[in-house]
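Open the model in a viewer and keep the selection panel at hand.

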Amino acid sequence: MDSNEDIAVNRISKELVNQISVVIRTSQIHDPNNVAVSALIDKMISMINGLLAYEQMISIELRGDFFYVNDSRIRYTLEYLLNFEYLVQEFKKRELGAVLFRGKVAPDDIQVFVRAFIASGSSQKPFEAIEDKLITVKSLSVDRLKHIVEKNSFEPRKMVKKTYFNAVSFTKGVINKIKSGEKVNIRKAKRVVETMVDQILEQEQLLLGMTAIKDYDEYTYHHSVNVSVLSIALGQRLGLNRKLLTELGIVAIFHDIGKMDIPYDILNKPTNFTEDEWKIIRKHPVWGVKALLKLKKLDDVTIRSAIVAFEHHMNFDLTGYPKLRKNLQLDFFSRIISLADQYDAMTSSRVYSRIPLSPDKALSIMMERANAQLDPLLLKFFVNMVGVFPIGTMVMLNTKELGLVYESNQLFASRPRVMIIIDKEGRRIKGTVVDLAEKNDQGTFARTIVRTMDPNKYKINLAEYLL
Amino acid sequence: MQVSEDIRKAKDIIQVILKSRKILRMYPENNPMYINTLQENYGKLKDYFFYKDELTLAIKQNEILYEGEQVYHSAEKEDNFALFFFKDGLREISFKKGLPADELEAFIKIISLDFNRDVMDDDIVTLFWERDFQKIQYVVDELILSDDEEYEEKAVQEVKEKAATDDDILRAYEEAFRETEQVKDASIVPLVDKDLQMLLKELDEDSADKTTKLFDILFEIIHLSENREDYEDLADFFRNAIEFTTGRGDLYLLNVIMGRLHEVAENRDFSEEIRTFARRVMLFAGSEPIITLIGEVLDGGQETDEKVLDDFLKHLERSSIVPFMKILGELKSIHARKFVIDALIFLGNKDIAILAKGLSDTRWYVVRNIIYILRKIGDKRAVDYLLKTVKHGDVRVKKEVIRTLGELGGAGVLQALRDCLDDADAQVRSSALKSLSNMGSEAAKRIILNKINDKPFKAKEFEEKKEFFEAITRWKDDEVYNLLISALKQNVLFGRAKNYEVRACAAFALGFMGRRECLPLLQKYRGDGNKLFREAVVGATRRLEHGQ
């Protein structure tokens, strides 16, 4: 099979998943017999049968948050985002892991499936409900959703850790090299960020988890990498391609490069800054531009880095600093990195304000800053990405267990996965991760967050649990 | 397939890849050698995949292994295929069954690049990554990216030392029960179609080139600069950005930037330091590196709005004359040359002496272009320089300079043109004649008349004599008229053929004089026995009768 055919198959597969989503969405409003739905079903059938002409079976499987058609992951663009996310959510709600088509699919078969799918939404046991209805349909069957097995999570976590610390170590090296006027290896920077991009695409939650750990001595380097990780993750949500994500990641790593010229005493001052010290702090965006433009021959990434270094403390309404003579429209990357920068700075303890905030509090402050300081559209995507309870949030559950948010749930924002650190008996435990989306036998959620708390107040060290 | 047979095939494949790498470095894509080697490579792999699903090569520093057996070895530092991959962290490469030809080609293209060049910002792994191969997989050791191999261990250790005590955690637990504030409802606003539409618009806008934005920032930084060092740095940044913009062929932006710099330079509200800075940067935009780039861009066939180019020229100083002259002889396209000539016509006026230096260029076509430019400028100060070029060895240059001198006039020109009338080359003589005629002065007329009256004139070729008579009709006065009548009537005993030629020329010229009183005389010769003369008379008569 040549690559053009590969591209065509991927396109058809993507359109097929999209079409299934459209059919189900429309069927939530109209009966599958309705002409509006039957036309959509006909189109879906022609796609399936088109593929079945070459393959004995077509399986559309949900693994994690991604669809796979016959084991090939379907990469989709922004235009498909809502339909794909909707379908992921609907599959997960029903514990539905895969739909398998074989032989020749007829409109009646799809109608049975769609009816079963819609009806199962209100069932206590939705997957079984669908399965029962499909017994008589030969061309179509379903599989239960397979949960990612926890025991396999060790290796990816190890890889993510390595990637993260490589990035920090690299950033430290780069900043020191720039300080001493040495040549910087931009090829290495690309490699470091490419690995982060790969991790974000495959292990987003794990890498985001690394950014939640804040107690390192070398704040500057960790902050640069955290901003890069958060920016790449947001960029991915915004539909940027891998190349642009790499560019964004590199630009983010260098966003604060101007700070290296701020005297150490000021940068690490334990008390509030004086007005004169603020004057120096406010110069770092311009110093950043200078450092970057001296770094290497001008190219697109250097230009973008310089722009972001200059703009990252400018607000959405163009207040902030540096003060401009002529209004500019803030760069798209600047607005992304501004969000990541503010979030990471607010949740860290070595920033100008000196008051570290819990992730959920930082998020709520950021939401108040929408329109004035932050781009409201991008913030919406950002909040959707980190969730209502971002990784690292300390939460009290209705089961009297105390835990730390371990992984966000993209579909049920209020139901993340939580690592329990104190059990309901008040005993300190370590390492048990629970999914708040899980239901008990009565069909109600087994655990629910009742309040959030500030982990900094109690010196709770996320590293102990996440590393 | 036997194991030994596998190894032989793997060795073979590596050798073919190495051969292809060499060929791809030497030949363009459409060359048969290029095409054949890729086909050979593809064939070898296809043959291998007939028996096996995967070809996995383990990369060591000096060797490549296939199923634990060495299939390539080199201890060289320079031309070591194993080291080539190894140094960028590649530790394993696998080719999978179903490998498409275009993917294989892309792979070989990447490994054929010269990664030793400083301008290459990507290493081999980045290029593999960007290409996003489907059937070629690779394993990379990321440790080479770390500047400190023990960093992870140290950082983790250090952060874990800060772990909370049991007391802290239990205190948190106790206080959790005392907290009265319940968790708020989820405040995530779901994304809707409108958000996606807005995002698409943002992404679309974001795809625009960022250089304009960089300039916006540099212009802002002008006003944030505080000392000499700041301005020095900033000047460098502007220069680099201007060079980058020009190299990309964005002459529109270059022009906009020049306009903005001009505004800064002319704004009296700004400090003299800022205004001087702006002028310095503008000078750079007209310097040799930039002008050379502009030439390359235009020569590359890029269509550029003439107004943009004209506006750009308005911002340049005379220091740009030399760079423009330098590229004049290098350019290949008419479009590019026209721009440079127009540029020199515009700028040359600022310093004729510098422009005239181009007359010493060793390339005849450059000299001719400079003469043309001087003529278009029309400044009589150029005459002194041009007179020195009259004796140029190339006829094409001579013709151009004669024409130009004729148009410019001035001291010394008549003498030079008179000398040219005696030049050995007929084209030069003809040009000089035309120039004298165009000058239209009494002195010029006298030179032509004297030539016609010279004894040797009759001996010239008919066409040249005709040119002289035609030239003299520029002056439609009695002296010329009488000369023509006299020549028309002239009969001789000897050299009749040459005399008839002169008479025919006179008749021809009378036709141009527009004086109908000569018609009776012309009528008289309508039946003359000499065909050449007779035809000239008939033609002139017709011209006069019809008032042409």
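## Start at one strand

Select strand β2 (residues 66-69) of chain A: F67(A) and V69(A) make up its covered face, while F66(A) and Y68(A) make up its uncovered one. Strands (E, at least two residues) and helices (H or I, at least four) are DSSP runs, numbered from the N terminus. In a regular strand the side chains alternate between the two faces of the sheet. Before going on, note that this is a predicted model, in which local features need pLDDT of at least 70 and side-chain atom pairs count only at pLDDT 80 or more, whereas totals for chains, interfaces and linings use all residues. Residues are numbered from 1 along each chain as its sequence is written, and chains are lettered from A and ligands numbered from 1 in the order in which they are written.

Next, show strand β4 (residues 96-102) of chain A beside strand β1 (residues 57-63) of chain A: five bridges join them, and they run antiparallel. Pick I58(A) and look across to F101(A) in β4(A).

## A glycine in a helix

Select G288(A), which lies in helix α12 (residues 284-295) of chain A. Is G288(A) buried or exposed? G288(A) is buried, because 26 other C-beta atoms lie within 10 Å; the cut-off for buried is 20 or more such atoms within 10 Å, 12 or fewer is exposed and anything in between is partly exposed, with C-beta atoms placed from the backbone.

Leaving out residues up to four places away in sequence, G288(A) touches D256(A), I257(A), G258(A), A309(A) and F310(A). Contact here requires C-beta atoms, placed from the backbone, within 7 Å. Then draw a C-alpha to C-alpha distance from G288(A) to V308(A): they are 9.1 Å apart in space and 20 residues apart in sequence.

## Across to chain B

Select helix α9 (residues 211-224) of chain B. Its 14 residues should span 20 Å at 1.5 Å a residue, and its end C-alpha atoms are 20 Å apart, which agrees; the expected span is 1.5 Å times one less than the number of residues. Buried residues in α9(B) include L214(B), F215(B), L218(B) and I222(B). The buried residues of this helix pack against α12 and α13 (300-311) of chain A, and also against α10 (228-247), α11 (251-266) and α12 (272-285) of chain B.

Now show the whole contact between the chains, which takes 78 residues from chain A and 68 residues from chain B. On the chain A side, helix α6 (residues 154-179) gives the most, with 10 residues. That side divides into 41 nonpolar, 12 polar and 25 charged residues. Nonpolar means Ala, Val, Leu, Ile, Met, Phe, Trp, Tyr, Cys and Pro, charged means Asp, Glu, Lys and Arg, and the others, Gly among them, are polar.

## Zoom out

Colour chain A by domain: domain 1 (3-144), domain 2 (151-386) and domain 3 (394-466), with bounds from an automatic or database domain assignment. The C-alpha centres of domain 2 and domain 3 of chain A lie 28 Å apart. Their contact takes 10 residues from domain 2 of chain A and 11 residues from domain 3 of chain A.

Finish with chain A as a whole, which has 17 helices and 10 strands. Its C-alpha trace spans about 80 × 60 × 40 Å along the principal axes. Of the 467 residues of chain A, 46% count as buried.

Methods: Two residues are in contact if their C-beta atoms, placed from the backbone, lie within 7 Å. Two strands pair if DSSP finds at least two bridges between them.
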